[in-house]
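Work through the exercises below with the sequence and the coordinates open. Each task is followed by a solution in steps.

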Amino acid sequence: MKLMLLVFAVFAAESLPVSEFRTLHRQLQPRQDEAWRTIPWKVSLLEAQRAAAREKKPIFVWAMDGHPLGCT
Amino acid sequence: MLDRASTFSDPRVVKLLKTKFIPVAIDQAYQRRQQDAEGRFYQKIANQGPRKVGRGTTQGLYVATADGRFLGFNNNRGPDRVQRMLHQALVDFRPVDVRPIPRGKPDAKYVRIPPEGGLVIRVTSKVLGGYAETDDKWRLMFQQSLGRDNLWVRRDEHQALAGGRLQESLKQRLARFHLIDNTRGEPPMWKAEEIRRFDVSLKGGQLRGTVHLQTASGDRGYQADLLGFVESKDGRVTRFDVVVKGMFWGHGQYSAGAPKGRFPFAVAFTLATGTDVADKVPPQGSRGWLDGYIR
């Protein structure tokens, strides 16, 4: 019985406690005030072309391998 | 990722882009290949720069007019150089009367639309420790970076989740394409056979489990615990908050510079609200083979 409790205690200690879940989940959220996130990015070049034609502005293209706003 | 923390964190660059330009962010691996209006417009711009379509990557920062006239290129993330390029582009820029380019029929091979009736879940990741101390600002950016991606959930998987069940297909996708260290660049995904163990149960709205992912050679792996909370209302999932935390080791060809040995690493999931433009970005794992990702 003691052995079973010990095994249970070891496994219970290894799993992720709710308090740590809360801390990590908060820690891993992107900050709203990050400067690059305040830029009004479009994700379609044709939408950008349309806006550039309408607003008489040049298009700035951030072209990466992997999506710049996602997994790069 | 470095660009987000360097070039696009510089207040001068940010101000210029917000006021004088139409900024667009793309994964050029799509546009340089697309045989449609979107692709042709990109290829027209890129081919006027130093990197030509058909000769590998065309990645970089471009400025062009609405009729596709090239105004500048830079592939250096130094904010000073980017700022100079932007100023020069503004000097050279002459507004033109041009019509919007009709979208036409998109190249189906490169269309990425979230599954109808499904879910988009934001995925973020972070190395929690293990890096050698450094004063180098570029290394620090890597060390502090947050990986970002989106997980797509099919309609049937969504319905199952709302009913308190986690489908095997979603479990596999989550492990293979989202328990990855994408904090320093494009990482390798896991092969199906590299999922050594993924025991996870959904009971009473709580997801709990353990995962062990490892390559055949053992040079890369992740052993972690998972805890999450799923809530639903009227057949729709209203909460999907999950954290996976454990020890990671190794790196990929394009994600070098990981801490030596095993290091603490966490991944978090939360429902996308559609309020962030990045919610529209397709999962990295769907790149090149959507069916392989969403199956």
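Taken over C-alpha atoms, the centres of domain 1 and domain 2 of chain B are 30 Å apart. The model is predicted, so local features need pLDDT of at least 70 and side-chain atom pairs count only at pLDDT 80 or more, while totals for chains, interfaces and linings use all residues. Residues are numbered from 1 along each chain as its sequence is written, and chains are lettered from A and ligands numbered from 1 in the order in which they are written.

**Exercise 1. State the domain bounds of chain B and describe the contact between the domains.**

Step 1. Domain 1 covers 2–109 and domain 2 covers 115–294; such bounds come from an automatic or database domain assignment.
Step 2. Count contacts, meaning pairs of residues whose C-beta atoms, placed from the backbone, lie within 7 Å. Four residues of domain 1 of chain B touch four residues of domain 2 of chain B.
Step 3. On the domain 1 side, three of these residues are nonpolar, one is polar and none is charged. Here Ala, Val, Leu, Ile, Met, Phe, Trp, Tyr, Cys and Pro count as nonpolar, Asp, Glu, Lys and Arg as charged, and the others, Gly among them, as polar.

**Exercise 2. Describe the side of chain B that touches chain A.**

Step 1. The contact involves 68 residues of chain B and 45 residues of chain A.
Step 2. Strand E1 (residues 22–27) of chain B gives the largest share of the chain B side, six residues. Helices (H or I, at least four residues) and strands (E, at least two) are DSSP runs, numbered from the N terminus.
Step 3. By class, the chain B side has 37 nonpolar, 14 polar and 17 charged residues.

**Exercise 3. Find the strands that pair with strand E2 (residues 60–64) of chain B.**

Step 1. Two strands pair if DSSP finds at least two bridges between them.
Step 2. Within chain B, E2(B) runs antiparallel to strand E3 (residues 70–74), with four bridges; Ala64(B) has Phe70(B) as its bridge partner there.
Step 3. Ala64(B) is the bridge partner of Ile59(A).
Step 4. Five residues lie between the strands in the hairpin of E2(B) and E3(B), where Gly68(B) has a positive phi near 85 degrees.

**Exercise 4. Which residues of helix H2 (residues 11–20) of chain B are buried, and what covers them?**

Step 1. A residue is buried if 20 or more other C-beta atoms lie within 10 Å of its own, exposed if 12 or fewer, and partly exposed in between. Val13(B), Leu16(B) and Leu17(B) are buried.
Step 2. Down the axis of H2(B), the buried residues fall within an arc of 95 degrees, so they line one face of the helix. The arc is that of the directions from the helix axis to the C-beta atoms.
Step 3. The face turned away carries the exposed residues Pro11(B), Lys18(B) and Thr19(B).
Step 4. The cover includes E1 of chain A, together with E1 and helix H5 (79–92) of chain B.

**Exercise 5. Characterise the largest nonpolar core.**

Step 1. A nonpolar core is a set of buried Ala, Val, Leu, Ile, Met, Phe, Trp, Tyr and Cys residues joined through C-beta atoms within 7 Å. The largest has 43 residues, and Val243(B) and Val244(B) have the most contacts inside it.
Step 2. Its largest share, seven residues, comes from E9(B).
Step 3. Apart from this core lies another of 40 residues, including Val61(A) and Ile26(B).

Notes
Contact = placed C-beta atoms within 7 Å.
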